[in-house]
Amino acid sequence: MKKKLLILLSMLLVFSMVFAACTPKEEEPTEPPAAEEPEAPAELSMGIVLPTKDEPRWIQDQTRFEAKLNEAGYDVEILFSQADPSQEKANVEALITKGVEVIILCPHDSAAAAASAEAAREAGVTIISYDRLITDTDAVDYYVTFDSVAVGEAQAQYLVDKAEGEGNPLYLYAGAATDNNAFLFFEGAWNVLQPKIADGTFYIVNSSAAIDLQDKAELTRDEMGQIIGQVTTNWDFDDAKSLAEANLTAASAEDKGDVFILAPNDGTARAIADAFGADTDITSYVVTGQDAEIASVQYIIDGKQSMTVLKDVRNLVDDAIAMAISVVLGETVETTGEYDNGVIMVPAKQSEVISVDQDNVVEAIIDSGYWDASEFTGLD
Ligand code: BGC
């Protein structure tokens, strides 16, 4: 009896071993599955905080975010901080309370936003710094941005390409000193302009600090800060207009005529261009910008602003959303470089920029689908 049982048991054992050998184990498929696009999550547990509704650039971002998120079927809250770091922190805290996993934050003040980032880190929420870098903290996880040094270089290169001979009056303007980007734009512009000031193509009219530093090819942040302190627009149209008017009042007739103006963005460029255009001693001006705002694209078509730098916000929005999805899914986040925020090197994804003037405005702005032709008059 015992012997029979033993035989039966050993038969069962052999059978089960043969069966097991023929059956692929679930965790080790014989053939790997075809590589698939990562599934987007059904809900995106994320919030977005933008600096202010009063600088037109951020309305562009809001609109582009909404278009993309609606298309993907995500319900995501977008809050504005109205240029107030304490409102920004309250916005971040409200999103943390709602239980988001990721916050896309574009700071008003790069250093003051460290407190918001730290609140998020403490709550286990991932912070993606958007367009402007959050500085002075290790609590920033990622950064999505345009190549801001290249923006300043493109603006300056435009002025250089339009200038002939020597002794051309150059007026410098900058963004807000609280915005890390203002330094990157200025650094890019200085890279290209400084050799052309040194060789006599341009001379600086409206900043004694810049004149004192004009022999230095590379400026420290502190030195840039001295210049920006004299020529800041605070990213504000009214400040830009008042400063341009004050500079024109102080300038002599020789500092006028055909002039060159480094204006940091489109809103301030239009304000500065209007002030220069109203001065009867100004024969012509070349003025830069950035953002491809509708009003500035119209100014370019009409010959009132010379150029803008197109920073295709659709790309930045796509990158930021893709990053947030990777974080939510626990996947590796793709980055292409890193930025020093004063405390850590922040892993970053960077987008390229395009210089736009009358010659390529249709191709770069209309044909690319950035803005519809119906937004403009005078396009043929
Ligand atoms: C942005 C620009 C914008 C400016 C003022 C900068 O940080 O990069 O696109 O024009 O802020 O809002």
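Reader: Which helices each supply at least two residues of the shell around the ligand?
Author: Those are α2 (56-72) and α6 (180-198). Bear in mind that this is a predicted model.

Reader: And which domains does the shell draw on?
Author: At least three residues come from each of domain 1 (46-140 + 313-351) and domain 2 (148-310 + 356-375).

Reader: How do the shell residues divide into nonpolar, polar and charged?
Author: Seven are charged, three are polar and three are nonpolar.

Reader: Which of the 13 residues around the ligand come nearest?
Author: E55, D131, R132, D179 and D291 do.

Reader: Take D291. How far is a polar side-chain atom of it from an oxygen atom of the ligand?
Author: The distance is 2.6 Å.

Reader: What about R132 and the ligand?
Author: For R132, a polar side-chain atom sits 2.7 Å from a ligand oxygen atom.

Reader: And D131?
Author: The side chain of D131 has an N or O atom 2.7 Å from an oxygen atom of the ligand.

Reader: How much of the ligand does the protein bury?
Author: On its own the ligand exposes 320 Å², and the protein buries 100% of that.

Conventions:
Residues numbered from 1 in each chain as written. Predicted model: local features only at pLDDT ≥ 70, side-chain atom pairs only at ≥ 80, totals over all residues. Heavy atoms only, no water. Near = heavy atom within 4 Å. Polar contact = N/O pair within 3.5 Å; in protein donor to acceptor, adjacent residues only side chain to side chain. Areas by Shrake-Rupley, 256 points an atom, 1.4 Å probe, with all protein chains shown as cover. Helix = DSSP H or I, 4+ residues; strand = E, 2+ residues; numbered from the N terminus. Nonpolar A, V, L, I, M, F, W, Y, C, P; charged D, E, K, R; others polar. Domains from an automatic or database assignment.
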